[in-house]
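Please look over the sequence and the model before reading on.

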Amino acid sequence: MAVENPVTAPSGDQTRIHNIGYRTYDGPRLGRSYATRSLYSQSLRGAYGLGRSVKSKVLPMLLFVVMCVPAAIMVAVAVATKANDLPVDYTRYAIIMQAVISLYVASQAPQSVSRDLRFKTVPLYFSRPIETADYVRAKYAALASAMFILTAAPLIVLYVGALLAKLDFADQTKGFGQGLVSVALLSLLFAGIGLVIAAVTPRRGFGIAAVIAVLTISYGAVSTVQAIADAQGSSSAVPWIGLFSPVTLIDGLQSAFLGASSAFPGAVGPSNGEGVVYVLAVLGLIAACYGLLMRRYKKVGL
């Protein structure tokens, strides 16, 4: 409670000095780990518009539905026709739906980081026990988790539908596990690329356009060059060209090690030796994205 200490000024007017009486916090100090988990949880919820306005929920929820509906239709067809297998392999589904995934990354990566940059709230995070590495890890993990939910949900729909259709349990479980590994790597890679691009500008619109351009233009350009190389009889160059696009990187990696059929022209996927290069490229890009985010936020937090 405020304490009033009246002081008489020389002029005869009465001046009052108020002791506001701020109290120190005597409760438990939860520390960096709790702050990091809270930032992760808040960012993950924000990636689907939870805790935000209805308008913010529309696009992520719509994209989630768009990802799952084709899987449900495929399951319905497989059950109705009593097919011996699903129309699409688990490892192929994300590649087919890569346009929807790219749109989700483009919309949610800037939402995750651009507002903090625009309103200059990043230094406020670092004024607390949370540090640069905690902020980057929380944001990266949140977007990667949101993307994994987006890409794994339709695989679950396919798997449950396959079991209901009484398809071979062992074969479907193996394919489902391979699909989860594939979308986990895709989520880490796309989340890193999206956050790095979005962290460059505080303008959300610029971030969205830049992410879409990098993901879609690179895929279109690489696919075109691969088709030209295959048409000219240089099929051995097709796998190496695939190293220059995030989508074709995941495609080549899973066709080399996860038993997936390749979407490359002529279905010429990388060999096991070339697949090792794909693995190194994917892991290297993920590490590079994390490093670039660390450098970016060390400068921002100064």
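1. K120 sits in the loop between helix 4 and helix 5 (122-126). Helices (H or I, at least four residues) and strands (E, at least two) are DSSP runs, numbered from the N terminus. Phi of K120 is near 55 degrees, a positive value in a residue other than glycine. Most residues other than glycine have a negative phi. K120 is exposed, because its relative accessible area is 65%. Buried means under 20% relative accessible area, exposed over 50%, and partly exposed in between (1.4 Å probe, protein chains only).

2. K82 lies in the loop between helix 2 and helix 3 (90-96). Phi of K82 is positive, about 55 degrees, although K82 is not a glycine. With a relative accessible area of 72%, K82 is exposed.

3. A word on the basis of these points. The model is predicted, so local features need pLDDT of at least 70 and side-chain atom pairs count only at pLDDT 80 or more, while totals for chains, interfaces and linings use all residues. Residues are numbered from 1 along each chain as its sequence is written, and side-chain values use heavy atoms, with hydrogens and water left out.

4. Now confidence. pLDDT is the predictor's confidence in each residue, from 0 to 100. The mean pLDDT of the chain is 88. Of its residues, 92% reach 70 or more. Confidence is highest in helix 7 (residues 169-198), at 96. Confidence is lowest in strand 1 (residues 3-8), at a mean of 49. Over residues 1-7, pLDDT stays under 50. The model has 19 contacts beyond four places in sequence for residues 1-7. Contact means heavy atoms within 4.5 Å. Where pLDDT is low, the predicted coordinates should not be read in detail.

5. Next, helix packing. Two packed helices are described by the angle between their axes and the distance between the axes. Axes are lines fitted to C-alpha atoms, for helices over the stretch in contact, and angles run from 0 to 180 degrees between N-to-C directions. Helix 2 (residues 54-81) and helix 6 (residues 132-164) pack at about 15 degrees, with axes 9 Å apart. Helix 2 and helix 6 are therefore roughly parallel to each other. Angles under 35 degrees count as roughly parallel, over 145 as roughly antiparallel, 65 to 115 as roughly perpendicular and the rest as oblique. The crossing of helix 2 and helix 6 is right-handed. A crossing is right-handed if the near helix is turned clockwise from the far one by less than a right angle, and left-handed if anticlockwise.

6. Which residues of helix 2 meet helix 6? From helix 2 come L63, F64, M67, C68, A71, A72, M74, V75 and V79. They meet I149, L150, T151, A153, P154, V157, L158 and G161 in helix 6. The residues of this contact divide into 15 nonpolar, 2 polar and no charged. Ala, Val, Leu, Ile, Met, Phe, Trp, Tyr, Cys and Pro count as nonpolar, Asp, Glu, Lys and Arg as charged, and the others, Gly among them, as polar.

7. Helix 6 also packs against helix 11 (residues 272-300). Their axes come within 9 Å and cross at roughly 130 degrees. Helix 6 and helix 11 are therefore oblique to each other. T132, A133, Y135, V136, R137 and Y140 in helix 6 take part, with partners in helix 11 that include I286, C289 and Y290. By class, the contact of helix 6 with helix 11 has 10 nonpolar, 1 polar and 2 charged residues.

8. Helix 11 packs with helix 7 as well, at about 35 degrees and with axes 9 Å apart. The crossing of helix 7 and helix 11 is left-handed. Among the residues making the contact are L185 and L189 of helix 7 and V282 of helix 11. The contact of helix 7 with helix 11 has 12 nonpolar, 1 polar and no charged residues.

9. Is I250 buried or exposed? I250 is buried, with a relative accessible area of 2%. I250 is found in helix 10 (residues 246-257). Beyond its neighbours within four places in sequence, I250 is in contact with I95, S182, L185, L186, L189 and V282.

10. Last, P60, in helix 2. P60 counts as buried, at 1% relative accessibility. Leaving out residues up to four places away in sequence, P60 touches A47, Y48, G49, Y104 and Q108.
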